[in-house]
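Have the model open beside the text. The walk goes from the whole chain to single residues, with a stop at the interface.

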Number of protein chains: 2
Amino acid sequence: MNAEIIAVGSELLLGQITNTNARYISSQLAELGVNVYYHTVVGDNAERLKQAIELAESRADLIIFSGGLGPTKDDLTKETIAKHLGTELIMDQTAMLSIEAFFQRVNRPMTENNKKQALVLDGCKVLANHNGMAPGMFYSHDQHIYILLPGPPKEMEPMFQFEAKPLLASTLNHGEIIVSQVLRFYGIGEAELETQIMDLLETQTNPTIAPLASDGEVTLRVTAKTSSEEEAWRLIHETEQLLLSRVGDYLYGYNDESLASSTTKLLIEQGLTISVAESLTAGLFQSELAAIPGVSQTLVGGVVTYTADSKMNQLGVSKEIIEQYGVVSEECATAMATRVKTMFKTNIGVALTGVAGPGEHDHQPAGTVWIAIILPNDEVVTHELHLSDMRNTNRLRAVKRTFHYLIQLLST
Amino acid sequence: MNAEIIAVGSELLLGQITNTNARYISSQLAELGVNVYYHTVVGDNAERLKQAIELAESRADLIIFSGGLGPTKDDLTKETIAKHLGTELIMDQTAMLSIEAFFQRVNRPMTENNKKQALVLDGCKVLANHNGMAPGMFYSHDQHIYILLPGPPKEMEPMFQFEAKPLLASTLNHGEIIVSQVLRFYGIGEAELETQIMDLLETQTNPTIAPLASDGEVTLRVTAKTSSEEEAWRLIHETEQLLLSRVGDYLYGYNDESLASSTTKLLIEQGLTISVAESLTAGLFQSELAAIPGVSQTLVGGVVTYTADSKMNQLGVSKEIIEQYGVVSEECATAMATRVKTMFKTNIGVALTGVAGPGEHDHQPAGTVWIAIILPNDEVVTHELHLSDMRNTNRLRAVKRTFHYLIQLLST
């Protein structure tokens, strides 16, 4: 089976947004072993969309659309497909109820054009949208499969993964099972990691090993194709052991885990509470923790002390430390972490202070960061970072590094 | 003139990287008034690339390629175009010297396949690459213009902007100027906003009005095409006035502004300092503020009180309030905001407390949020929200709403 992905939306052609959907869907199809030969982007124009559909039908078995399912009159994906295939659009009651429930929940009036979103292709399998209003569709017609997905990634991605992908997988079922597992690494560059496992990358055929880098993290996706799930996992674990014997020091988690979720998991498992004092990151570390459900078992709270005065007044960092060493120093970070641990009566206290940039601050160049971690036995661990001159990259990197230090400390 | 953008690379079709080049080039072409009707992505396959070129020739005047100019044997963009157009590839001496200089600079041996990168289409204008090795090309042939650009964004973007765009602009020069401005709205849904301005959307031709929604925000892009910049701005302001007479209550900014940057701008302009007490958002509000350079003029700091105990111990919220009204209540939010304002000695105190979800908490359903804002004159403003059962959507929405309330309070 081969596929073409058509993203619909003039905002893409105007360069207002990036077509991240094509990447997401492609990576998911790669897992299923479906070849993608083309991505196409077309605007909110019925005639050009129709031409794109005809072209895709001539060269692909599976055509996946994203976008153009919204309530407004320039949303015309399903209308154009219905007309092209000679199919009716019918009202889907489940979708209608869920749209009505949405408006009740947010306490906003529902307008007439929102009802349009509950219309689906007659005879399709409706894909539920748990993160928005427009339902998706899975429609087989004349040797082709058409999958219609909403444009916003936070609606499209879960719908593809949990609704469309299982349907596709069962359609594809050749008696072969594909299982994959992602290993997540931090603290090692992509080139260096690849060098360490080059011989495995070059010789492995089943499971395959696919590296990918983003935002300072590197992942390896290990994919086995075989006749039973048991056998697939046996192959995966065998390869995993080989990989970890080379680069296991940098492993922090699997699959959808993140540095924040791995940290939270370790803290909860070990029954430890945590509090945080933040300067340059200004709440980002705590907020990333709080994104993980269940974190209230470990995160008690913390303080954001953005100014030197607030470090003294709220955390009780001494004037001497600030005058002698500055706010970006090992001494200040240690004092902040010690004080926040005491104030919030937690097992662990963490502090981040530094220069986000782009300019310098307190005689330190942008990207200078001090991190202090006070362990349950009051042992102090500190780290100095020298990052870039990019404000928000620095803030995010400082947070990720801190998670990584905590994972290392809690794993030993 | 209308254009098609063809990105070449199997890594795009495998979902390993996102096609950000198409967005960048599209936004640049929009500034020049060139219509883009299609984006195409095709793999490192000569036959399918040739088909994509023929298709693009049938529907576009300008064809822009990115990717496939590298040294390896799967880089075949210029080879395929040369063969298709019956043109020779010749060695460009300037490009060759610059490749040799690059290898001297990084002190690495130059391999034979790197020389391939200095080959260009005979008769093209060579586009210098100041950030990598592969030169770009601007080639006119039989009513079409072909622009070949390297794939890596940090090479492609400056090459497009400083080399290709001026050549295109001089080719296009019809004496017509295009100016556009984005109006940013919050607190109104896309469908409702469109309903309010439907007649304008349907009748406007110059300027055009293009709506776009994402993450609870709606934007309108107003684009004028005319003979002078002055006239373009006159037309834009005229349309802007019409739009604002309908939906001006929801406007919060222009172009690249965000809710956080508009809030920061207003706070700094009015010489006001701010502190924040956060529960469900756990630092996200402060972190979003801290992403804006210059925010240290207004953000002093704040407290994250994730547990009921920390609300009492760190902020001094009374046990009575928590027992009688609960932690998710107007009374608790008001006490938190009042206390943080006093502790941090700021002009404004803000508090957010609520149930992030997915489950209920303290007898309140997921998505219940109380926001309190204490103004410089100690006036108290509170809002109750009923959001969804999606944890991180709720946290982000609560933060955005709070920014919006602050913008409204500071603008009146």
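Chain A of this predicted model holds 16 helices and 17 strands. Its C-alpha atoms fill a box of roughly 80 × 55 × 40 Å along the principal axes. Of the 412 residues in chain A, 54% are buried. Look also at how the chain contacts itself. Among contacts between residues at least 6 apart in sequence, 67% join residues at least 24 apart.

Now turn to the interface. Chain A contributes 69 residues to the contact, and chain B contributes 71 residues. Together the two chains bury an area of about 5700 Å². Carbon and sulfur atoms give 54% of that area. On the side of chain A that touches chain B, 29 residues are nonpolar, 29 are polar and 11 are charged. How many salt bridges does the rule find across the interface of chain A and chain B? The answer is zero. Polar contacts are another matter. Between chain A and chain B, 30 residue pairs are in polar contact, both residues being at pLDDT 80 or more.

A:Ser26 sits in helix H2 of chain A, which covers residues 20-32. Its relative accessible area is 0%, so A:Ser26 is buried. What is A:Ser26 in contact with, leaving aside its neighbours within four places in sequence? In chain A, the partners are A:Ile5, A:Val36 and A:His39. In chain B, they are B:Leu12, B:Leu13, B:Leu14 and B:Gly15.

Just after H4(A) comes A:Gly86, with a positive phi of about 70 degrees.

Helix H13 of chain A covers residues 308-315. Here A:Ser310, A:Lys311, A:Gln314 and A:Leu315 are buried. Why do these residues lie on the same side of H13(A)? They cover an arc of only 105 degrees around the axis, and this puts them on one side. An α-helix has 3.6 residues a turn, so residues three or four places apart point the same way. After H13(A) comes A:Gly316, whose phi is positive, near 70 degrees.

A:Leu127 lies in strand S6 of chain A, residues 125-127. Is A:Leu127 buried or exposed? A:Leu127 counts as buried because its relative accessibility is 1%, and buried means under 20%. Beyond its neighbours within four places in sequence, A:Leu127 is in contact with several stretches of chain A. Its partners include A:Pro135, A:Gly136, A:Met137 and A:Phe138. A:Ile147, A:Leu148 and A:Leu149 are also among them. A:Leu127 and A:Ala164 are 37 residues apart in sequence, with their C-alpha atoms 6.9 Å apart in space.

B:Thr368 is buried, with a relative accessible area of 0%. Its side chain reaches the backbone oxygen of B:Pro365 at 2.8 Å. Not counting residues up to four places away in sequence, B:Thr368 touches B:Val328, B:Thr353, B:Gly354 and B:Val355, among others. B:Glu384, B:Leu385 and B:His386 are also touched.

Finish with the backbone in the loops. Most residues other than glycine have a negative phi, and most peptide bonds are trans. Several places depart from that pattern. The peptide bond from B:Asn206 to B:Pro207 is cis, with omega near 0 degrees. B:Pro207 lies in the loop between helix H9 (198-203) and strand S10 (208-214) of chain B. The bond from B:Gly357 to B:Pro358 is also cis, with omega near 10 degrees. B:Pro358 belongs to the loop between strand S15 (348-354) and S16 of chain B.

Two aspartates have a positive phi. For A:Asp362, phi is near 50 degrees. A:Asp362 sits in the loop between strands S15 (348-354) and S16 (368-374) of chain A. With 32% relative accessibility, A:Asp362 counts as partly exposed. For B:Asp142, phi is near 50 degrees. B:Asp142 is in the loop between strands S7 (136-141) and S8 (144-149) of chain B. At 61% relative accessibility, B:Asp142 counts as exposed.

Technical notes:
Residues numbered from 1 in each chain as written. Chains lettered and ligands numbered in written order. Heavy atoms only, no water. Buried < 20%, exposed > 50% of the residue type's maximum accessible area, 1.4 Å probe, protein only. Helix = DSSP H or I, 4+ residues; strand = E, 2+ residues; numbered from the N terminus. Arc of directions from axis to C-beta. Contact = heavy atoms within 4.5 Å. Buried area = accessible area lost by both parts, 1.4 Å probe. Salt bridge = Lys/Arg side-chain N within 4 Å of Asp/Glu carboxyl O. Polar contact = N/O pair within 3.5 Å; in protein donor to acceptor, adjacent residues only side chain to side chain. Nonpolar A, V, L, I, M, F, W, Y, C, P; charged D, E, K, R; others polar.
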